Every structure is written in structure tokens, then in C-alpha cells.
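Me: I would like to learn how to read the features of a protein structure, one at a time. Could you show me, beginning with the places where chains meet?

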Amino acid sequence: MEAYCLKNTWYIAAWTDEVLENAVFARTICDEPVALMRDANGVARALEDRCAHRGLPLSQGQVINGQVRCRYHGAEFDGCTGKCSRIPGQATIPAAAKVRTYPVVEQDRAVWIWMGDPERADPSGIPRFELHREPGWACRPTHQLIRADHQLISDNLMDLTHVGFVHVGTLGGDPEHHANANLKVDRTPHGVRVTRIMQDTVPGPFHVRQGGFKGRVDRWQIIEYRPGVVYIDSGMTDAGQGGPFELRDGVFNLRKVLYNGITPETAHSSHYFWSMAHQVGADRPEYVEGFFREVAATFAEDLDIIEAQYQRRRDLPGRPTFDRVSDAGGIQSRRLLARLMSEEQEVSRNAA
Amino acid sequence: MEAYCLKNTWYIAAWTDEVLENAVFARTICDEPVALMRDANGVARALEDRCAHRGLPLSQGQVINGQVRCRYHGAEFDGCTGKCSRIPGQATIPAAAKVRTYPVVEQDRAVWIWMGDPERADPSGIPRFELHREPGWACRPTHQLIRADHQLISDNLMDLTHVGFVHVGTLGGDPEHHANANLKVDRTPHGVRVTRIMQDTVPGPFHVRQGGFKGRVDRWQIIEYRPGVVYIDSGMTDAGQGGPFELRDGVFNLRKVLYNGITPETAHSSHYFWSMAHQVGADRPEYVEGFFREVAATFAEDLDIIEAQYQRRRDLPGRPTFDRVSDAGGIQSRRLLARLMSEEQEVSRNAA
Amino acid sequence: MEAYCLKNTWYIAAWTDEVLENAVFARTICDEPVALMRDANGVARALEDRCAHRGLPLSQGQVINGQVRCRYHGAEFDGCTGKCSRIPGQATIPAAAKVRTYPVVEQDRAVWIWMGDPERADPSGIPRFELHREPGWACRPTHQLIRADHQLISDNLMDLTHVGFVHVGTLGGDPEHHANANLKVDRTPHGVRVTRIMQDTVPGPFHVRQGGFKGRVDRWQIIEYRPGVVYIDSGMTDAGQGGPFELRDGVFNLRKVLYNGITPETAHSSHYFWSMAHQVGADRPEYVEGFFREVAATFAEDLDIIEAQYQRRRDLPGRPTFDRVSDAGGIQSRRLLARLMSEEQEVSRNAA
């Protein structure tokens, strides 16, 4: 099978809340079934989700004293080394009694995993989701599965002109203004950044409801792509209050930071981890709830679009397409990823 | 993939009622996803159902001023030429911004489409469904999807001995009389015709209920196959009233004309468009309703049979079969289609 | 396709109760769709489940005078010879009008079928399920489909150490005692036998409820594998009452005999026919009902495990595994079957 994703990179495997104490759960990442658990010290671990004895998924088992025990015949495996630590009824443990493990780091409310060469796994390269730890900010990390190639998800986020057409009832706004936003694309140390500014435009229904805007507004979005992650730092003020990015005292600003983890499940499906952090109303649970519901409804619209788009592209492979001006950020992101994947394949071939 | 259907022929894409003003809907024909819509003048149009920008089905979009607008980023396409007529936020439209279109003609309450070489599309060759326009006749054009190769549907219609076994509770009649019907098969300018006559036989439960027959009857069916279409003109009178085809004054005749459009969806599924026109009770809505329900129940039985038959033939390809005398019409139809497909393939190869 | 099962062996096609008078039903065995019916004398017959006329499954038809009549056009076939016995409307029956038949023997409440070379079908080799006919014994023959290769089902039965881990709420017992049971593996004329003895152990919840055990027990299981069949003769007495296998007067013994028919449906699915015969409470319908419900719940747990295990092994083919001491019976059974299959393939190649 042709490579469809980067292996030597950090992906979100799960949100912290998904990996419970004394439990094990299953998630497929880059076509590899992974069992996620916590060891006796509460440290998150990731193992190949297959008992090396007779093949039952380990995720169907239990965690006993920090070891995962297979539900079928009770063999136990260590989450750190992957070695079988116990076989009921026999003292000797064969050398073959072990499963693969993956480097895992838990940080900023996410469990990050490295599916590539473990020797290259450097925790300092893990993307930060700082606002997940910042007092005064609220968020609700959410996971959904999208039946599409991961690059269609980053394409979606890198060209926000779709907001005016797809999210009419929530984030929307005037589609013509979206299409004519001031657009800048540049490279960052690890990726590609798109800056979009719309001045003197209309707010979306979401902003009216959640931000209380009554008239025209200035609106901006800073979108940064890195393999596996897209950040969106976006904000809105009443029009003419000092313009984009100016966060002066006394000027209300509905700033939202959207963290997106995009983790390939298979060539045809992706995990989409999203979390929209906001300061406004962060101390009021009913506001946080309402805010979350609107954003979730918006992402449900994206999911519909992306899955339909992917299915059609699979049905009709190789048909000609055209690019628009607003595709620039997505195109540069795809080029960057293609180059990194090509380098990774080259290294693999040389090693083989 | 081996060709499984004729391309250079007219197929029903939809009934007229299915293609609404200011809407677009999806139907796959000969493996090609098609978006059907009406332009600003109400004329039915058919486009490739894929936005040439990023591949979303156009059928998920809207019709705005007679153009179909993609739901994702708002590109608009012309239903007649397939050319992109507008890209929000930019004045220049790339030459590649276009999609395929298909010749379409609306006639006799059906939207006909030509999936082959557009240069060979001659509207004068479109089969007529005249009774759809005839005052005093009632019908309810209906669409159903059958998960089977299209030729199994025409086989079903070309050998009506199955009526006695499959449609026991509706069209039925004595299965032995069906099997022993007087049978004639001949060629027509565009196809194959089977004429079946059963004299002094028993009516089916349907005929008793809808035609009021109390005793023995004469019954006839004239079935004509053309690629993509099967007509059945059938009738029944009290036995000995002058015999088949005689439509004399004062003799009640339950004549029904069944129009069948058989349009390949894929190699493994077909669109079945059927419409049974009748004069008796045409002015009484409750009669038309009851008549329709009985016929629909009958076709539901055919669907079950045909799908089960197709599945078994796929499971056990190449197993030996035998033919019966009553298969003559179906066999000739298949031979005709095989010859036309072979000629079409020959032309394609020479052109390539 | 690589052979995945033995053909020249007797398999259970159905329990006797499943094959009704004047009816025909469908079951796929070794990838072959089979129509099971009874002829005019009530004798069970098995035919290829495909009308040789146009391919409809014969199992959709009716049995008329001991012949199976196709629902589509009414051709009739003889269950013994497979020959078409009648074609409505014509006197001549083509020589090709016949379907394959399979040797069938009904014995001990099961209908046995031979899918291989009919010349090698020797009814004296059919496994016996004697207690199905024994007065004073109760049982409820049951069928379930398992989406897994048949060998995973026999593996499950040949290593009962899983009982302590999988069947905690029913047959269970102390998992450590299960893992340390006294184990003996030997060959039988047609297969492999495992004898497991656990003395001075705790009963499972099932045995407390159904056997009334209050304290510690002795427990034994004699498991015998033959291709297509696994027998388990198991029992329990209060601890120290004379030990395993001793069925002395005055000593209560909860003996159960489990008959398992394992019949390949496809390479990826198997029919599992099971029946647990018991003497205790056999005359009390509510006891038989409760007993059956507990055993059925237990098998539902096995089904979950086996299907998950199979799916994971298909997802990750060729990954290394290790064996445990308690796998000895399963390994010998697999070796025996592999040898028999290899011999069968050799014969096929020489014949070809």
C-alpha cells in the first residue's frame, strides 16, 4: 500500500479524559490497532492491540496492577515494555511472548503517540495546546471519526471561505466578504500559516448569540498547519475599535482558539480531535454548554461535507480539478506534507 | 471493467416529477454520478455530479438563477455547458473549471439521458410513452432501485410465465395456462416482440378486484423489448366476446399498458422506472390508488426474485443453466443487445 | 482459493427440527449454497440451492409432492437425483436440467452432510450423539453462526483454561485452578482427546445454581476432537467423594455432555451446532429451561471472543504468536486436520 501519511510525527491518540485508570481502550492509528491504558503509576501507555498468544484484542481485557490482562486466557502484558509478565499456570514465559509498544507523552490534556521509528521520537517536538491548562479559559475536547483521508480535513481548515457557504446558521457571515477577505500565506518553522482579515463585515449568527454583537464587526483568523495539527486563533470586535489583533482594555473581543488534532486511522478514515478554547463566559457552565453545542453543530456540517467529498473523489479518481486563490494555504500544506513523506519514504528505503 | 450496458442509447434518468424547479438531485447512471436540475427556463439539465474545484457532489448544492452552486465554496456551474460561471472572490475563471454534461430530453413525463457519444444523440430515437399524455388515462410513474444487472429485469418481463408462480395473489391466474399460452416471438424495427394469448382461462385476483370479472376470460399480452425499455400492452375480456385485441363497443376490456424504463446504475444495480397506464377507473382517484397499490405489490415480488436470482448467479458464476421454450423472447433480446454492445465496443476501439 | 477445510468428512448441516416437512431451507456449507428439504417419504435431502433454469435459489420455492418447485417459473427438481422432474408447459426436459445433490444421513437428531467426493461417503463414519436418543436425558440442540474460521472454535473448546477468564458469571471457577488443572492429551482413533482434572476446587456460579453445590468440588472434563465435531463429557461432585469419573450410587454428580458440530460456512464464518445433554432435572421443564439459558449465555461469551479474535488476526496477518502448555490439545488437533487436508489436496491434484 502506498504511504498515505507521515509516520515520524506526533499524533493525538486520545484526549486525557478518554484514557481511564484501570481500563484499556482501543483506537486504530495509521492502520495499527492500539490499546491505550495507564500503568500502576497512572502513566499513559500504548501497546499493539493484539494478545501475542491467540490474537484477541488486548483492549477487551482488564488492567490489573498496571498490567493489561487478556480476557481470553489471562496472559498479562506490561504497558511499558510490551513483554508478557505472567502466564497463568506456567512459570516460564517464552521470549516471543511480547507485543509492540509505542512512545506516548501526555501533555496539555492530550495523549500524544509516535507511530514511526521510536528512536526519532523527541517529546520536545510535541505541539502545545497551552490554553488547555490556562486558568480562565474553557474548552471541551471532543473526538469524532471522519470517513475521509486526513488531508481533506486540513484542506477544510486551511480555506475558511467555506464558512460563509457551509456554516450559514452558525459561524457564517457574508459569503462574499469571506471570499474577499484579506489573505496572507507564509511559512512557519514547522508548517504553513494563513492570516485572514475581514473588516467592516457582518457577524455570523453564532457571534450574535454568543458574543452579543449587534452591528458590523472586524473579524480575523490565524490558521497554522503542522502535520497532524491545525491551530486557529480567531477573534471579532465591533467594527472600527482598533482593528484586528488589537486586544485593548475596554474593547470586547470574542477570541476563540481552536485546537485540531488530525490523526489518520486508515487511508480512508481519520480521527478528528477538536477543542475550542474561549475566555468569554468560561466561568458560566451554561454558557460553556451553549458555546460547545454551536461549535459541535458546525463541525457536524464539516463532517458531512468532507465525507461526501471523499466518497466522490474515490468514486471518480483522476478527474481534473482546478484551484482557487483561496486554496493557497491548503496547497502549501499539502506540498510540505508531500515533501516530508517523500523524505520519510527515502529513509525507509535506504534502511531496507 | 467489461462493458455491461449500451452507452449510445436513451435511458430514463428520472420521471418529470422528480426533477423539481430550483433543486438538484443525484442519480448514478452507467456508473456515472449525475446531477439533475432545471435551468432558469425550467429546462432539465444533467451534469457530472462533482464540483471541479474540490470534488463535492454538486447535488448537495443549490440552484441559484439557474446555475448549480457548490455547497462547499460556492463555485457555480452552468447546467447546459458545464462551465463554471462564477467563483466567489475572484474574477478570473480557469479554463479547467468545468464539468461534463449529458444530452437530456424531456418527453412524455420522463427525462431521457444519453450517456454515450453526444454527437450520436438523436432525440427522434427516444421511445414514446404516449399514454402519459393521453386524456382519459391514469398512471403513477414510479422508481425503484433493483440490486441486479439490468438484463435480469428485461428477462423477467420477456417471459411472463412467471406471473402464475410469482404473482399468485395479484396478477396470477392458472400457472399451467400461463405456461401453455399461445406464444409468438418476432422482431420489430428496434427490438423484439412477444405476443402471448390465453383463451378461456381464469383471471388473476387483481382482475377480479379491479376489473370485476366473474367468470372465465380471454387474456393477452404484447411485450416489446428495446434497449432500456420494455412495453407491455395487455388486456382481458370475458371469454368468447370476440377474442384478443378485439376492442368492440359494448365489450368490457381491462386494457393496461405498462411502460418500463430499465436504466443501468452500476454493473450490479439498476433503476427500474415503471408506470402502468389504464383507462378503466381513470377518473376515480380511489380506484387509481387501489390499482396502483396492487401493481406496486406485484413489482415488489419481482424485485425480491430478481435480487435473489442475481445474488445467487454472482455467488456461483459459470454454473450450467438450461433454457425453456418460453425463454425465446428473452434470449432474442439478449442476443440483440449483445450485438449492439459488440458494435459499440468496436467503434470505441477504432476511435481509440 | 486456498483450502480452508476438509471436504471428505461428515458435517452437521442442520438439526433434525430445522428441516420441516413440506418446506425447504437454505444453509451455506463450505461455500456451497445448499437447499435442505424432505422428500415424499420424509427423508432429508440436500441439493445445490440454485435453479438450473435461471438461477433463483431453490430454497425460495416450495416442496410439492416431495419435489422442490422453483418459485420463479415453476421448474421442479428431485431431492434425491437432482434431476428436473417437470417443466410447466413443455414435455421435454433437457439433459442439462439438473442440479448437484449431496449425500445426507439423519441420525441422533442431526442431519449430516458430505460435501466431498460422494463415492467416499461412508455413513458408518458419522459421529454419534447417543444421548440425543437416551431416555432420561434432556437437551436443546441450538445453532448459531460465528463469523470466524472454524478452527478458532475448536481451539476454544480444546483449551478450557479460558473458562475461568471468559465465563466468570456462569461456568467459571477459580482461574488459577483452571490454569493448573491436571492435563493429559492423547490420540483417539479419529482425533485428539484432552482430559482435565481439578480436585478440591471451587464450583462456578452455574454449578451452584444448577447443581446445588455448597462447598468445594472435584471437577473433570474429557474433551475429544474430531474434524467437524468436539465432544465434552464433564462432571462435578462434592470434593473427596471418590474422585473424578467415579459415578457411584448415592454420590450426586452433575454430569453434562456437550455435543458440538462445527461446520464451515465460508473461510470466514462457521456454523456452530451445540447441544448440552444432562440427566439432572431432565424431567422438569423449568429446570431444563434455566439450564439451557445459562449455557446459551456462556456460548454467547465465546462467540464474542472468537469473532473479535478472528477479526484481529485477519487485520494483522502473520504477526508472531506464542503457545502455552495448555494449548497442547488444540495444537495436536490442528496438526491432525492439517495432515488430513494435505492428503485430501494431494488426492485432488492426482485426480486432476
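Reply: Two residues are in contact if their C-beta atoms, placed from the backbone, lie within 7 Å. By that rule, 20 residues of chain C are in contact with 22 residues of chain B. This is a predicted model, in which local features need pLDDT of at least 70 and side-chain atom pairs count only at pLDDT 80 or more, while totals for chains, interfaces and linings use all residues. Residues are numbered from 1 along each chain as its sequence is written, and chains are lettered from A in the order in which they are written.

Me: How are two packed helices described?

Reply: They are described by the angle between their axes and the distance between the axes. Here the axes (lines fitted to C-alpha atoms over the stretch in contact, with angles from 0 to 180 degrees between N-to-C directions) of helix α1 (residues 150-158) and helix α5 (residues 285-315), both of chain C, come within 10 Å and cross at roughly 130 degrees. Helices are DSSP runs of H or I with at least four residues, numbered from the N terminus.

Me: Which residues make the contact of α1(C) and α5(C)?

Reply: From α1(C) come C:Leu152, C:Ile153 and C:Asn156, and from α5(C) come C:Asp302, C:Ile306, C:Gln309 and C:Tyr310.

Me: Which residues of α6(B) are buried?

Reply: A residue is buried if 20 or more other C-beta atoms lie within 10 Å of its own. In α6(B), these are B:Gly329, B:Gly330, B:Ser333 and B:Leu337, and they pack against α1 (150-158), β13 (182-187), β14 (192-201) and β15 (217-226) of chain B, where strands are DSSP runs of E with at least two residues.

Me: Where else do chains touch, and how many residues take part?

Reply: Another contact takes 20 residues from chain A and 23 residues from chain C.

Definitions and conventions:
Buried ≥ 20, exposed ≤ 12 C-beta atoms within 10 Å, placed from the backbone.
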